[in-house]
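Please read the following note beside the chain itself. The points are numbered so that each can be checked in turn.

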Amino acid sequence: MLDGKKVLFSGMQATGNLTLGNYLGALKNWVSIAEEYETFYSVVDMHSITVRQDPAELRRRARTLLTLYIAAGLDPEKNCIYYQSHVSGHAELAWILNCFTYMGELNRMTQFKDKAAKHADNINAGLFTYPVLMAADILLYQSDVVPVGIDQMQHLELTRDIAQRFNGIYGDVFTIPEAYIGKVGAKIMSLQDPAKKMSKSDENPNGSIYLMDDPDTIVRKFKRAVTDSEGCVRYSQEQPGIRNLIDIYCACTGKTPAETEREFDGRGYGDFKMAVGEAVVSVLKPLQDRFADLSKNKDYLDGMIRANTEKAQYYSNKTLRKVQKKVGFPERIR
């Protein structure tokens, strides 16, 4: 708890371009819970370098992502929005937690196996201990809740195991985090392969709608979206492409699948795809306009980054100093 509110931590990697799936599935919901929790939203750029990055491009993407957080509606006065790499406590706590994490636990992490297979020429130690840094991210702020998808649940369980192990040795040091159970964000699938999630790293650019896509590009991608031969707008498992488009339409308009089916009863896929594209354009335009305005205001962004970094450092240091004392590190002379 912090100032009477539960603490929520989350973050996104500064790689690739954010998609409509990232926005509807996560970012939009972050905005809706800002009043309910004390929130820490990080641009997790330290996680990004487990895969080789172009330095200038990583810096650009990190700034873009942080700006998008604000453009999407996160108020930096009410939410702590910061770069992970600017708060040294993440790395310091990660090292300590490494010493309380077993090799067997890390060997069981399925994401490591997946990423190692994709980057066989760069299976580095950071890729292996990535879940420990994630645990440090969460525990550093005494987080009560963490919004996680199915693919990250294994990492959250490891975080809980590490925290309980540490507490078992040294007493009540860490808050044991829970998975955030709230309004579920829309799960948006690829427009070209509705069996896969819409992804920043999709090799087919027509599969994803990126938050900075212009209106013509958005509409064109929806026109090319995979459907089927049934020819009717119906929300069913047998029509995954149409089901995905209905999910997107509902998330953007607030309508239900049943209302959408009635609206497009007797109309073809062409009309429906155009309507979905236009709905997405109308949702993304305010975000894109706000992003453009923010990007021009360097002094505002720099001041916000500075203030939020100081806030993150203050709260992270409270946990870090306690942990350092527990494990026996000498007290720092001030």
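1. Which residues in α3 are buried? They are Leu58, Arg61, Ala62, Leu65, Leu66, Thr67, Leu68, Tyr69, Ile70 and Ala71, where buried means under 20% relative accessible area, exposed over 50% and partly exposed in between, with a 1.4 Å probe and protein chains only. Helix α3 covers residues 55–71, and its 17 residues reach 24 Å from the first C-alpha to the last, close to the 24 Å expected at 1.5 Å a residue; the expected span is 1.5 Å times one less than the number of residues in the helix. Gly73, which follows α3, has a positive phi near 120°.

2. A word on the basis of these values: this is a predicted model, in which local features need pLDDT of at least 70 and side-chain atom pairs count only at pLDDT 80 or more, while totals for chains, interfaces and linings use all residues. Residues are numbered from 1 along each chain as its sequence is written, and side-chain values use heavy atoms, with hydrogens and water left out.

3. The secondary structure of the chain comes to 13 helices and five strands, both being DSSP runs numbered from the N terminus (helices H or I, at least four residues; strands E, at least two). With a radius of gyration of 21 Å, close to the 20 Å that the globule rule gives for 334 residues, the chain is as compact as a globular protein of that length; the radius is taken over C-alpha atoms, and the rule is 2.2 Å times the number of residues to the power 0.38. The C-alpha trace spans about 75 × 45 × 40 Å along its principal axes.

4. Of the 334 residues in the chain, 49% are buried. Among contacts with a separation of 6 or more, 74% join residues 24 or more positions apart, a contact meaning heavy atoms within 4.5 Å.

5. Just after α10, Gly254 takes a positive phi of about 85°.

6. Helix α8 (residues 153–170) can be read in a similar way: its 18 residues should span 26 Å at 1.5 Å a residue, and its end C-alpha atoms are 26 Å apart, which agrees. Among the buried residues of α8 are His155, Arg160, Phe166 and Asn167, and just after this helix Gly171 takes a positive phi of about 100°.

7. Asn308, in helix α13 (residues 298–327), is buried, with a relative accessible area of 4%. Its C-alpha atom is separated by 9.1 Å from that of Tyr83, 225 residues apart along the chain. Leaving aside residues up to four places away in sequence, Asn308 touches Pro76, Asn79, Cys80, Ile81 and Tyr82.

8. Gln142 deserves a look at its backbone. Most residues other than glycine have a negative phi, yet Gln142, which is not a glycine, has a positive phi of about 50°. Gln142 lies in the loop between α7 (125–139) and β4 (145–146), and at 18% relative accessibility Gln142 counts as buried.
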